[in-house]
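Look the model over before reading the answers.

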Amino acid sequence: MSSVLKFYNDKALGEIEARNFKVFNDRSLEKIPQLARLSDARRFEMKVVSSVLPFRVNEYVINELIDWDRVPDDPMFQLTFPQRGMLAPDSFERMAELHRRGADKTEIAALARELREELNPHPAGQLDMNLPRMDGEVVEGLQHKYRETVLFFPSQGQTCHSYCTFCFRWAQFVGDKELRIASSQCDQVLGYLRRHPRVTDLLVTGGDPMVMKTRNLAQYLEPLLEDAGLSHVQTIRIGTKALTFWPHRFVTDNDADELLDLFERLVKAGRHVAIMAHYNHWRELETPIAREAIRRLRETGVEIRSQGPLLAHINDDPDVWVRLWKTQVQLGIIPYYMFVERDTGARRYFEVPLARAARIYREAMQHVSGLGRTARGPSMSAGPGKVEVQGVAEIQGEKVFVLRFIQARNPEWVQRPFFARYDEEATWLNHLKPAFGEEKFFFEDEYEAMRAGNG
């Protein structure tokens, strides 16, 4: 077996060449050659939507991942290119009218800011409940929602190799500093961690921290190896889409070897390093360089876990998830989460009713082995915590959703089951009503008290 794998990898490496990173955004949309295949009307719609929601795509995605013979229905095209339905009809028409009459950039930008405010730019209490404080001051660039886990947003990593059209952190990428979470204050971040010995997990996120040079990432992670006051931080998670959008980061980029060496040193020092890879479709795993990147990462001793939301137009089909999870297990990736599309940004275009999401998840689970059944879901990352739809049941003559917290602001809520009245149209936690005549869910009063106290 090892000789077969070596032959495959040698062959794959022979086909992989280093390439320059070339990216397109809303200002260079018309320079993408393949878009000439599309109608003028569709290209205009893209221009309108990209005036409000962020757009960025690179040549690797365009040339290697999108099947242009299937556009606009191709899932990777839907994942990266703006579509008319991503804005509400009235919002679309208001912005379209500005473009039709040749409005100046200032007027377009002003309307864009107004429309973005209607899209819930920071869901689940990100700007009022999750911001930690130290000595009475907010620690910029951190989110601390759950007791054991701190999220860190390094300023050098607040972009991505390409943008997902469904992204729940889209507000990071629209150039509005008031909507952005980021920090380059390494000492302040590490100081906060020293003061919180119950924190075991540091999640470096963005944007995408893998757009950073290795030397910049190292300045945040190497102190974890050198400072005894940080020994309680045992797990380092890296949230990234680079394994899909730019696997060259781990293979042919100038500092790829340096990056892998950093991960290997962290692992050898006893830290658990987990690459939290965002995958939405099995197509993302098919290219030789994507598989080589996975192989090289696993050789360092890091663990790769996969997560991603269930999305209309992209993967709302159990067969897609079956193939995705089976391929991931084959490649040594651990299926981790199936999320529900968050209530932000282009939600209205991508959301799938919870009842249907539960059916898709259940049908997919029936066709994978136990190693693929590690994926939890469908899970809503809502204000109170991560709420999993465990299924639909009939109890005492009432049809209900069976729910539980996988993670919660109050750890006492975790794993506690609760029930909501069945609703075929509901797509998010706040659409659900308690079952069995109850007025409130068990956590609501405490959660409202937390919101009132911003903590």
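A pocket is an open set of points, on a 1 Å grid over the protein atoms alone, where a 1.4 Å probe fits and protein lies on both sides within 12 Å along at least five of seven lines; lining residues have an atom within 4 Å of a point. A volume is the space filled by probe spheres set on the points, which are joined across faces, edges and corners. The model is predicted: local features need pLDDT of at least 70, side-chain atom pairs 80 or more, while totals for chains, interfaces and linings use all residues. Residues are numbered from 1 along each chain, and side-chain values use heavy atoms, without hydrogens and water.

Q: What volume does the second largest pocket have?
A: Take the space filled by the probe spheres. For the second largest pocket, that volume is about 660 Å³.

Q: Which helix gives the most to the lining of the second largest pocket?
A: The lining has 23 residues, with D26, R27, S50, S51 and I108 closest to the centre. Helices are DSSP runs (H or I, at least four residues), numbered from the N terminus. The top contributor, with 5 residues, is helix 6 (residues 105-117).

Q: Which strand gives the most to the lining of the largest pocket?
A: This pocket has a volume of about 1000 Å³ and 47 lining residues. Strands are DSSP runs too (E, at least two residues). With 4 residues, the answer is strand 11.

Q: Is Q34 buried or exposed?
A: Buried means under 20% relative accessible area, and exposed over 50% (1.4 Å probe, protein chains only). Q34 has 18% relative accessibility, so it counts as buried.
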